[in-house]
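Here is a short report on a predicted model. Keep the sequence and the 3D view open while you read.

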Amino acid sequence: MTTAASTGECLRIRPVERADLLAVHRIEQSAFPQPWPFAAFERYLDQPGFLVAEDDAIVGYVVADSVPNHGRPLGHIKDIAVREDRRGEGIGASLLERALGVLAARGVASVKLEVRESNDRARSLYQRYGFVHRRTVPRYYSDGEDAHILVRDQ
């Protein structure tokens, strides 16, 4: 899938490769106060929902998978981030849309995710894609911040 960012550059969204993991991890470290360890990304290498966006370099990624849930798989957007200097170009939306498509192709009936209560930008993106707030988990993150659990039916 190719998508045009607002800068006019052409991005390619593709499955992650092992060689991408260092760039993915660097984005993770700069994007989140409590980043995933490198080994966490290695565990998802074989997941079809682990995608990267690239032009000259990796500029964003999404990690999504599915688990059995009463006979129909449940999708889970586990992690998504875009390099800070490329935010606001629609890259996150393109990654999310592609991941949702991958999950739908795997028969996923609904998709869930957790998002920090303070992350207004991400919550706005998820709302545009049909995610609705189902509940709040107090002190979900190790720094004490609450998480909003959002769900979207496919």
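Helix 4 covers residues 120-128, and its buried residues are Ala122, Leu125 and Tyr126. Viewed down the helix axis, these buried residues fall within an arc of 95°, so they line one face of helix 4. An α-helix has 3.6 residues a turn, so residues three or four places apart point the same way. On the other side of helix 4, Gln127 and Arg128 are exposed.

After helix 4 comes glycine 130, with a positive phi near 85°.

## Aromatic pairs

How many aromatic pairs does the structure hold? There are six. In one of them, the ring centres of phenylalanine 41 and phenylalanine 50 are 6.1 Å apart; the planes meet at 35°, so this pair is tilted. Phenylalanine 41 has 0% relative accessibility and counts as buried. Phenylalanine 50, also at 0%, counts as buried.

Phenylalanine 41 pairs with tyrosine 61 too: their ring centres are 5.6 Å apart and their planes are at 90°, so the pair is edge-to-face. Phenylalanine 41 lies in helix 2 (residues 38-43) and tyrosine 61 in strand 4 (residues 58-67), so the pair ties together parts 20 residues apart in sequence. Both phenylalanine 41 and tyrosine 61 are buried. Ring pairs join Trp36, Phe41, Tyr44, Phe50 and Tyr61 into a cluster.

## A charge over a ring

Arginine 116 lies over the face of tyrosine 141. The distance to the ring centre is 4.2 Å.

Conventions. Residues are numbered from 1 along each chain as its sequence is written. This is a predicted model: local features need pLDDT of at least 70, side-chain atom pairs count only at pLDDT 80 or more; totals for chains, interfaces and linings use all residues. Side-chain values use heavy atoms; hydrogens and water are left out. Buried means under 20% relative accessible area, exposed over 50%, partly exposed in between (1.4 Å probe, protein chains only). Helices (H or I, at least four residues) and strands (E, at least two) are DSSP runs, numbered from the N terminus. The arc is that of the directions from the helix axis to the C-beta atoms. Rings of Phe, Tyr and Trp (its six-membered ring) pair if their centres lie within 6.5 Å; planes under 30 degrees apart count as stacked, over 60 as edge-to-face and the rest as tilted. A charge sits over a ring if NZ of Lys or CZ of Arg is within 6 Å of the ring centre and within 35 degrees of the ring normal.
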